[in-house]
Amino acid sequence: MSLAGLLLAWYDANKRELPWRQDKDPYKIWVSEVMLQQTRVEAVKAYFERWLERFPTLEDLAAAAEEEVLHYWQGLGYYSRARNLLKGVREVQAQYNGRIPDTKEKMKTVAGVGDYTAGAIVSIAYNKTATAVDGNVLRVFSRLYCWREDNALSSSKRQITEWVLQNMEVSRPGDYNQAIMDLGATICIPAVPRCSLCPLETVCQARRRGLEQVVPFRRKKMAVKTVRVVAGIVQDGGAFLLRQRPAKGLLAGMWEFPATEIADTETDDFGAYRRMMAEKLGQQVEREGLFWQSRHVFSHRQWDIVFYRCRLIKKGDLPAGKNIVWLEPSAWSRLAFAGPHRQVAEKLEKELQNI
DNA sequence: AATCCGGGGGG
DNA sequence: CCCCCAGGATT
């Protein structure tokens, strides 16, 4: 039997039941594919269900405000995905009258849709012969062909895409693509693959050579920079001071308690914070006590963050613009909080309810 | 080609 | 703890 035959027979018996596999609505496929970018299936499920309750159709999403869209994405990470999805959906609404294109070439021109996502959408929703090469597919095929070069290289991706296409079952392109992903997620996993359960064990060249734990070749990991951050919880009556992060960069556009990065060598962390509050935000604050501290790890950076509860000595005028506001907890629900600030906001809300 | 962009859970 | 995940945009 052909590679695709073995694969699809396995898939038919073992495919995962997932919320976005209930039908082939291209809008739902699109949403799921964007959520799944660099994000595990288990983490996506609940977000996907909530999303579809609020934005059941492409038209509903296209009409939504970005702020609300971000709120429904809060906690999933890579927030540009949400912004680009909204942008892309609006493009399709405007340029294609709300009908999602059925060719990979057209889909790739839409915001937030790259080679992988375009291929996944048209193969799954429209049964078009198109490759969708993600991390799973790279791993599975680099093992099948015992490819000994770094999969991060564009040359590796080009070669593997060619193999994926050569072996494609053209009668079921969507299932073929998803079958490889399911195999990669459950059997052909990164460190120690479960080869004895694999339908492709007999045709896998890495397995034949005993190299299934060596392939794919792993690239060196990047250094993670540690940054100290001080944040303050400043209250005036029932309102707390909140600030929106810049529109570009880390956690773009997300809300947080006013915070500042401080040097490793700084011994008086609150002193640095007090100065920042006075100079940049025009507020005089004093430390009341430690509220919370935590370590937040990003892919390329690490925050060691301390939240101090502050007393407002003298309330000043806030800098012009809408990026910093006094806001009561009842109005927080529509905001998207940045990383660890979300946990602190939830703790504060809980604390206030108990009083 | 290299870097940036989050968060979470598997192993 | 380490790894890396149904990647895309930007430079």
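Predicted model: local features only at pLDDT ≥ 70, side-chain atom pairs only at ≥ 80, totals over all residues.
Local features were considered where pLDDT is at least 70 and side-chain atom pairs at pLDDT 80 or more, whereas totals for chains, interfaces and linings use all residues; side-chain values rest on heavy atoms, with hydrogens and water left out. Residues are numbered from 1 along each chain as its sequence is written, while chains are lettered from A and ligands numbered from 1 in the order in which they are written.

Chain A is divided into domain 1 (3-209) and domain 2 (225-354), with bounds that come from an automatic or database domain assignment. The centres of domain 1 and domain 2, taken over C-alpha atoms, are separated by 37 Å. Eight residues from domain 1 and eleven residues from domain 2 take part in the contact, where contact means heavy atoms within 4.5 Å. The size of an interface is often given as the accessible area lost when the parts come together. Between domain 1 and domain 2 the buried area is about 770 Å², of which carbon and sulfur atoms give 48%; buried area is the accessible area (1.4 Å probe) that two parts lose on being put together, summed over both. On the side of domain 1, Glu67, Gln74 and Tyr79 lose the most area to domain 2, and together they account for 55% of what that side buries.

Side chains of opposite charge can pair when their charged atoms come close. A salt bridge is counted when a side-chain nitrogen of Lys or Arg lies within 4 Å of a carboxyl oxygen of Asp or Glu, and the structure holds 22 of these salt bridges. Arginine 54 forms a salt bridge with glutamate 68, with 2.7 Å between the closest N and O atoms. This pair links distant parts of the chain, since arginine 54 belongs to helix α3 and glutamate 68 to helix α5 (residues 66-73), 14 residues apart. Helices (H or I, at least four residues) and strands (E, at least two) are DSSP runs, numbered from the N terminus. Between domain 1 and domain 2 the count is one salt bridge. The side chains of glutamate 67 and arginine 334 also meet in a salt bridge, at 3.1 Å from N to O.

Grid points are joined across faces, edges and corners, and a volume is the space filled by probe spheres set on the points. The largest pocket has a volume of about 1400 Å³ and is lined by 38 residues, of which Gln38, Asp134, Gly135, Asn136 and Arg139 lie nearest its centre. At least two lining residues come from each of α3 (41-54), α8 (115-126), α9 (135-144) and α11 (173-186), and the largest share, six residues, is that of α11. The lining of the largest pocket comprises 15 nonpolar, ten polar and 13 charged residues, where Ala, Val, Leu, Ile, Met, Phe, Trp, Tyr, Cys and Pro count as nonpolar, Asp, Glu, Lys and Arg as charged, and the others, Gly among them, as polar.

The second largest pocket holds about 510 Å³ of space. Its lining has 20 residues, with Gly77, Tyr78, Tyr79, Leu251 and Phe298 nearest the centre, and at least three residues are drawn from each of domain 1 and domain 2. One cavity of 30 Å³ or more is present in the structure. The largest cavity, of about 120 Å³, is lined by 15 residues, among them Arg143, Cys188 and Cys195.

Two features of the backbone complete the description. Most residues other than glycine have a negative phi, and most peptide bonds are trans. Glutamine 38, in the loop between α2 (26-35) and α3, has a positive phi near 60 degrees. The peptide bond from valine 215 to proline 216 is cis, with omega near 0 degrees.

Technical notes:
1 Å grid on protein atoms, 1.4 Å probe; cavity = no way out; pocket = protein on both sides within 12 Å on 5 of 7 lines; lining within 4 Å.
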